[in-house]
Amino acid sequence: MRVLALCLLASSSFAAVSPPPDAGTKVAALTPPALRLPPGARARALALELRVVPGDELFSGTATLDFEADRPLDVLWLNATALTPGALTLTAQGQPLEAKAEVVGENFLAVRPARPIPAGPSRLTLAYTGVLSRKNTGGLFQLKEAGLDYAFTHFEPLDARRAFPAFDEPQHKVPVTLTLHVKKEHLAVANTPQVSETDEPQGMKVVRFAPSQPLPTYLVAFAVGPFELTEAGRFGSKKTPVRIIFPKGRAKDAAWAVASTGPILEQLEKYFGRPYAYEKLDQIAVPMFGGAMENPGLVTYGQQLILAKPKEETPGHQRAFASVCAHELAHQWFGDLVTMAWWDDLWLNEAFATWMSAKAMVAWKPQWRFDVGQVQNRAGALNADGYASARRVRQPIESNDDVANAFDGITYGKGASVIATFERWVGPEVFQKGVQRYLDAHAHGNATAKDFLDAQSQAAGKDVAGPMSTFLEQAGAPRVTFTLECPKDAAPFLALEQTRALPLGSKAPKDGVWSVPVCVRTSAKGKQSRACTLLDKPVGTLALEGKVCPDWVLPNDGMLGHYRSNLKGAASFEALLRKAGPALSLPERIGVLGDVSALVSAGESELASALALVPEAAQSKDRQLVELAMGFSRWPGEDFLPEAQRPAYQAFLQKHFGARAAKLGFQPGAKDSEDDRLLRPSLLWLLGTEGRDAALQAKALGLARAWLTDRSKVSADVVDAVLGLAAETGDHGLHDALMSAVKTETDRTDRSRMLGGLSNFRDVALVKEHLALVLDPALDPRESMRLVWGASGDARTRALALDYVTTHWDALLEKLPDHAGAGLASVAGGRCDEKGVDETRAFFDGRSTKYRGGPRTLAATLERIGLCVAFRERQRPGTVAFFSAPAVR
């Protein structure tokens, strides 16, 4: 098929036809670059012409690259993966130059001229073919939805080279002109507006798009298929047209995306102080895709994120789409308009979009309480920062593994938390001016961390770059211990000491000094005051106002500073939580409890002391506090407490959460608030799984059976919880019904729900049955792998999941996307036993580590197992004692 396609390509109307040099000429073998393209040439413009027919096995194309050589070149190196080169033409300073293209290694293509390419402008036109993949969702790939074929692209970080040969590195940011040859009945969309459409023979048409503004290759995007679309209106200062694009027949399911995209765009324009830079804004649904991608003019979203049936447009769906939409649209400024120069500054894209998403949500929908989400993001980022395997935010990029690993919680979460820390330090208005200064200076170009930090320092009139770099350039985060001293004849003060915040059992180095913007709030006899300092040494002091010893100390005013805290001396978290009362905002209370949780993880406080905080938090009117109380209560999970203490644990859960769960029930009521609807599924889940509530499980079983015959019988809010809790009963009839239904279900969302339900069965015989579905031809293994992950998440079935992966390793890798093997080591991540580290390393080292990002994934998995063992050994005795006390029952 490749040979046939290449012959057809050479005679097509848009392929270059100049012959290559004499094939008999002997040339030396080439060694591909280790990672980056060698210096010597820079892209100036890129034109792409492709034939894309969803359903075909191959696509064909021609890439025309204008470039500037700054020295004579014996070889012009391009990035290309799984492409077969065809005819080419090369002109240098307007004169033809014979050359041939040669695939070298996995990621490179060498253009070898008959004589050196001279310094100055040149143009290369190269015909090629590639695979229109059915198993990858990177590069140019195809998916089937409701029996129809569609083609999509996703190029970040290293997959543009699967669709066309080019300088596939972010610093090569140039105008791109796209032409597509597609079926007449198909819609073709791309980054820019269509400028013409002309019929061709054999049921085809050619669609030409306007040249783009400068783009790096990873942001080029297009899609082809029997799409439909809805015009959402015109928004922003330039009245940018907004469209929502989706697979055929899904128009009614795009209502929330239609309603929310424009207002979110306008919120972002207000903050950035400059209009959206591109000619249009299309948002497109991709059926088999996790997350979203910020391609300018054509933003892609996982279908289940952007589309929802009218009766399934739940509060959870609305908030999930809106926050991701804000993230992707924030990228239109941070990432698209101004692009990082290299992948070590990915945080300039992802951390800013994460941080900006929360800001936009707070401004647009303050009742959604994304201000609490910012504090929760801080807590998650600090947890990730405690691993010995944690990266720096600005980690040097020395391999493709490093590129893949950059897309993690450190880049997104920690980066956003550090930004919030320094925004609070310099002030929101000053920080905003720094952001706008940076965008103005580097619009449509590339930039580095230094560029951004310099802009902030200039706006603030003080050194921001130095302190902020201490968080960007080293792994880990500080724990600041605040010891309150109240001398009899002197003003009170806080003695400060910083060390690296680490969980119990960590093997990470404990050294490290950060320049920490510390701000505390205190109250003495009802009068509150605030004091701040920059702690840039291991120890320091902070003078407090007045001469009266404070009643309480809030060690992180606003709880947005990227540091953990501990209180000692005359101050304590217990006094803070007891005495501050309404003086603490909801985000602050959540943040304080997060730091209490971190002390438990570090082994510096008893788990029992955190469990003692559950009764008050569980009765709160604030959903987020109830959810935090549930999180504390999950700590003594299935493989933590001995069976003898399980009845007391279940009674504890019923005592503090049972009444609320009974009041909420399974189905939404007319008077339910959005918080009720958001809390219901997780509350029922806690009681039905950890609490082993047989009545809840039985009710769920009846509802699950009803849902299988009539989808309207169960609210979309709770379908996943209902199916999961029903699985806890181990009902064979339900298992058989789900096994049968999932093979024929055409609705992707319902199929995912069925797989989720199956993944929660814990009967060993039943789990073995449904694991056989993972590679069943009736299912896509990208979906059915959920059965493996579900089994791996519970101590009762974890061994089955591990056994499945190890015995089906080759078959899984054949069916799953390229490089999926890197993540399969995580199936062992839930282990919490002494043999876990050695056994996991023995199998996965040399297997999962062969794939992009695999070495660090395995290291993190091994570390997780070791930390779990250390935590259980430290906290289990006290927790057993806690649940053995009569008062708990």
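Guide: Below, we go through cores, sheets and one leucine. Keep in mind that this is a predicted model.

Visitor: Let's start inside. How many residues has the largest nonpolar core?
Guide: It has 188 residues. Those with the most contacts inside it are Trp347, Phe452, Phe657 and Phe844.

Visitor: Which helix gives the most to this core?
Guide: Helix H5, residues 347-364. It gives 10 residues.

Visitor: And what does phenylalanine 452 touch?
Guide: Leaving out residues up to four places away in sequence, phenylalanine 452 touches Phe334, Trp347, Leu348, Phe352, Phe431, Val435 and Tyr438.

Visitor: Sheets now. In what order do the strands of the five-strand open sheet come?
Guide: The order is E16-E17-E18-E20-E19, with mixed pairing. Strand E16 (228-235) and strand E19 (292-293) are the edge strands, and each pairs on one side only.

Visitor: How many bridges join E16 to E17?
Guide: Seven, and the two strands run antiparallel. E17 covers residues 240-246.

Visitor: Which helix lies across E16, E17 and E18?
Guide: Helix H2, residues 255-272. It runs at about 35° to E16. Helix H4 (residues 315-330) also packs on the sheet, where it touches E18, E19 and E20. The direction of H4 makes about 145° with that of E20.

Visitor: There's a three-strand sheet too. What is its order?
Guide: E3-E7-E6, an open sheet with antiparallel pairing. Strand E3 (76-79) and strand E6 (99-104) each have a single partner strand, so one side of each has no neighbour in the sheet. On average, neighbouring strands here are turned by 25° against each other, direction ignored.

Visitor: How many bridges pair E3 with E7?
Guide: Four, in the antiparallel sense. Tryptophan 77 stands opposite alanine 110 in E7.

Visitor: Last stop, leucine 148. Where is its place?
Guide: In strand E10, residues 148-154.

Visitor: Why is leucine 148 called partly exposed?
Guide: Because its relative accessible area is 31%, and partly exposed lies between the 20% limit for buried and the 50% limit for exposed.

Visitor: Which residues does leucine 148 touch?
Guide: Leu143, Pro226 and Lys248, not counting residues up to four places away in sequence.

Visitor: How many Å apart are leucine 148 and asparagine 383?
Guide: 44 Å in space, C-alpha to C-alpha. In sequence, they are 235 residues apart.

Terms used
Residues are numbered from 1 along each chain as its sequence is written. This is a predicted model: local features need pLDDT of at least 70, side-chain atom pairs count only at pLDDT 80 or more; totals for chains, interfaces and linings use all residues. Side-chain values use heavy atoms; hydrogens and water are left out. Buried means under 20% relative accessible area, exposed over 50%, partly exposed in between (1.4 Å probe, protein chains only). Contact means heavy atoms within 4.5 Å. A nonpolar core is a set of buried Ala, Val, Leu, Ile, Met, Phe, Trp, Tyr and Cys residues joined through side-chain atoms within 4.5 Å. Two strands pair if DSSP finds at least two bridges between them. Axes are lines fitted to C-alpha atoms, for helices over the stretch in contact, and angles run from 0 to 180 degrees between N-to-C directions.
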